[in-house]
Amino acid sequence: MEAPKIAVVGAGVIGLSTALCIVETCPSSSVTVLSDQFSPNTTSDVAAGMLIPHTYPGTPIHLQKQWFKETFTYLFAISNSTEASEAGIHLVSGWQVFKSTPKEELPFWSDVVLGFRPMSEAELQKFPQHRFGQAFTTLKCDCPPYLLWLEKRLKATGVQMYNRKVADLWELHREYDIVVNCTGIGAHQLVGDKKLFPVRGQVLQVHAPWVKNFIRDGDGLTYIYPGIHRVTLGGTREKESWSLSPDPGTTKDIFDRCCSLEASLQEAQDIKVKVGLRPSRQCVRLQREILSQGGVKLPVVHNYGHGAGGFSVHRGTAKEAARLVRECIGALQGSSSRAKL
């Protein structure tokens, strides 16, 4: 069988990472990325890109931890390389604070991030409204530069990228041997996934170069995440809201909440507002499927539904999707050699 042709649909962090993992895992394949949106117009471009995992109720914890660990290890290596600045990846230390002690004082990811420990009384004095906190160092990904870095890596390996809206995965069956669906919230319509729903997120990006530490309220709703050039302030979690228009009342609410955690943000300049729809479901959809019409079969691998936690696990789920693609290639090669017999 000649080099299998693989189409990855979607060019957010999940699509680009999955395409890269396929190239690394199946070097003899021909990979193409198809998407109607590329950076800076993807949902991933709005993401804060902090590596603090979100928990998926429908996915075993050991699997979530593996995905996070693989992602952390991958980005940590980049952060220690000369490509760190271009890829937008850096280490950031800070605090996660709680108004009351959480049931789980040691989250499942505590031994993956660096230097995880309970906050001291002296540190907690900075947050008089809060009773308990955790201090640690994690990685922050500035999303637009990271997506461009991934695109550059893909182009260097010969991956083609085309601006194309795919209305039905089946339309690709004549051109490609395997299709990988990384369409995020687009999968709601593309494959009719009723378990997938949007969770609207509105964030602010401000100029406040004196803010060096992240601060995250334990409920995950209010956060201050310093990036290389701007500080991301958040946020919102609005289930089933499809609106991409910024809401001025929400902007004020986010700003006030963040100022209550870090008063110096009152002086922040040049506030930009961004909105994205997190593709949410009980668990990430990471599986193989065979579409068939009239005796013709098209193997599909799905990798979408990462919700608020996409950046924290993107590399881990991309590696798993690439492994599923390799299984599909093995099945295709097996059937073509049987056909020759």
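**Contacts, burial and helix packing**

Reader: Which residues is His 90 in contact with, leaving aside its neighbours within four places in sequence?

Author: In this predicted model, where local features need pLDDT of at least 70, side-chain atom pairs count only at pLDDT 80 or more, and totals for chains, interfaces and linings use all residues, His 90 is in contact with Thr 138, Leu 139, Lys 140, Asp 142, Pro 226, Gly 227 and Ile 228. Contact means heavy atoms within 4.5 Å. Residues are numbered from 1 along each chain as its sequence is written, and side-chain values use heavy atoms, with hydrogens and water left out.

Reader: Why is His 90 called buried?

Author: Buried means under 20% relative accessible area, exposed over 50%, and partly exposed in between (1.4 Å probe, protein chains only). His 90 has 17% relative accessibility, so it counts as buried. His 90 belongs to strand 3, residues 89-98; strands (E, at least two residues) and helices (H or I, at least four) are DSSP runs, numbered from the N terminus.

Reader: What makes Gly 227 buried or exposed?

Author: Its relative accessible area is 18%, and therefore Gly 227 is buried. Gly 227 sits in the loop between strand 10 (223-226) and strand 11 (231-234). Gly 227 and Met 50 lie 177 residues apart in sequence, with their C-alpha atoms 9.4 Å apart in space.

Reader: What makes the link between the side chains of Thr 222 and Arg 257 a polar contact?

Author: A polar contact is a pair of N or O atoms within 3.5 Å; within protein, one must be able to donate a hydrogen and the other to accept it, and residues adjacent in sequence count only if both atoms are side-chain atoms. The side chains of Thr 222 and Arg 257 make such a contact at 2.8 Å. Thr 222 is in the loop between strand 9 (214-217) and strand 10, and its 7% relative accessibility makes it buried.

Reader: What does UniProt list as "binding site"?

Author: An unreviewed UniProt entry gives Thr 43, Ser 44, Val 166 and Thr 183. UniProt positions are in the numbering used here, feature names are shortened, and annotations may be inferred rather than shown by experiment.

Reader: Why are Ser 44 and Val 166 called buried?

Author: Ser 44 has a relative accessible area of 12%, so it is buried; Val 166, with 9%, is buried too. Ser 44 lies in the loop between strand 2 (30-35) and helix 2 (61-79), and its side chain reaches the backbone nitrogen of Val 13 at 2.9 Å. Val 166 is in the loop between strand 6 (160-163) and strand 7 (178-181). Residues touching Val 166 include Val 9, Leu 34 and Leu 190.

Reader: How do you know that the span of helix 5 is close to the expected one?

Author: The expected span is 1.5 Å times one less than the number of residues. Helix 5 (residues 143-156) has 14 residues and reaches 20 Å from first C-alpha to last, close to the expected 20 Å.

Reader: How are helix 2 and helix 5 oriented, and why?

Author: Their axes come within 14 Å and cross at roughly 90 degrees. That makes helix 2 roughly perpendicular to helix 5. Axes are lines fitted to C-alpha atoms, for helices over the stretch in contact, with angles from 0 to 180 degrees between N-to-C directions. Angles under 35 degrees count as roughly parallel, over 145 as roughly antiparallel, 65 to 115 as roughly perpendicular and the rest as oblique. Tyr 74, Leu 75 and Ile 78 in helix 2 meet Tyr 146, Trp 149 and Arg 153 in helix 5.
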